Amino acid sequence: MKGFFSLLITLIITLSAIAQPSSPTSNEASTRDTLIYFPARPASGFNFSYYLFLPKGIRQGEIHYLMVETTNGGVSDSMSFHEENARHIAGKSGVANYTSKKLRIPLLVPVFPRSQTDWTIYTHALDRDAMLSKRNPIERLDLQLLSMIEDAGLHLKKLGHPIHPKFFMSGFSASGTFANRMSLLHPDRIKAIAAGGINSIAILPVSELKGKTLNYPLGIADFQVITGKPVQMDAFRSLPQLLYMGALDENDAAAFTDGYSPEESTLVYELMGKKLIPERWSAMETIYRENNVKAEFRTYPGIGHGTDLKMLNDLADFFSQHSNTP
């Protein structure tokens, strides 16, 4: 991690931000996609940089929901590697970029790194190791993300694009897992959430299952110990959620030691089954339904661990349905 921290410090000192666009005339629609880079600012609560994407056609003066998607790249001790990954997700790819363009709403993507040296800390999925990290730059990435969102709101307001207090969140694979875990960590801050390709199980809103204790990220038994606050179960139950998987998806993070510990994987298999689809997926849906969680589970036939145009359009439609609701 020493090399990683040195690179982080170097990055903070030598960052060169992408030039910010001039504020358009009132109610004028932008004529091009714009990507803006904001450096890390630890004093404001975030140790890493982030990108804001403003799609072509977004209008000044209209209040939007900010879309958020976290990074989902490989392991590297190079911050430039993670920065380029976030830049690509924000400006060109990613499930949230499609929705951002279609709904003409701003998108935030943080530059959260995943270290090659400490590769078992799966920051991109906000695993237990990441949540337990103390006194280092990756401590409480969930809170750092909220600080980025607050900071982005100030910048967007200056640019003539005010945002709602709550935000949308989307993700697929590791970033889908991050989004799903954020839904229980901060349900009061999120307007609606879509998480796909969840590589093992969705976090369960229960403390135990079949007599077995479920700690984070499997369940909520030690939630208050880790976060310092109780679960906001009412807010979680009422949060609109779309959880989706391809029927042929076999990308099971429980089979690897970075996303889950051997003890966690054993519990997953013992309590919910070895087969991700449909056995475990159906068990998740049952548990969410029995606990009155407002989540829709969708399975797409003929699709593995990936997305297609139908999925992307369904995501855009889902968020559009919640764009004008109180």
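In the predicted model, Leu-209 counts as buried because its relative accessibility is 18%, below the 20% limit for that class. This residue lies in strand β7, which covers residues 208–209. Leaving aside residues up to four places away in sequence, Leu-209 touches Leu-204, Leu-214, Leu-271, Met-272 and Ile-287. Thr-257 is 48 residues from Leu-209 in sequence, and the C-alpha atoms of the two are 22 Å apart in space.

Just after α3, Arg-104 adopts a positive phi of about 60°.

At the level of the whole chain, the secondary structure consists of 11 helices and 10 strands. The radius of gyration is 19 Å, which agrees with the value near 20 Å that a compact globule of 326 residues would have. Along the principal axes, the C-alpha trace spans about 60 × 45 × 35 Å. Of the 326 residues, 55% count as buried. Among contacts with a separation of 6 or more, 72% are between residues 24 or more positions apart.

The chain exposes about 13,600 Å², of which carbon and sulfur atoms supply 52%.

Definitions and conventions: Residues are numbered from 1 along each chain as its sequence is written. This is a predicted model: local features need pLDDT of at least 70, side-chain atom pairs count only at pLDDT 80 or more; totals for chains, interfaces and linings use all residues. Side-chain values use heavy atoms; hydrogens and water are left out. Helices (H or I, at least four residues) and strands (E, at least two) are DSSP runs, numbered from the N terminus. The radius of gyration is taken over C-alpha atoms; the globule rule is 2.2 Å times the number of residues to the power 0.38. Buried means under 20% relative accessible area, exposed over 50%, partly exposed in between (1.4 Å probe, protein chains only). Contact means heavy atoms within 4.5 Å. Accessible areas come from the Shrake-Rupley method with a 1.4 Å probe; for residues, only the protein chains shown count as cover.
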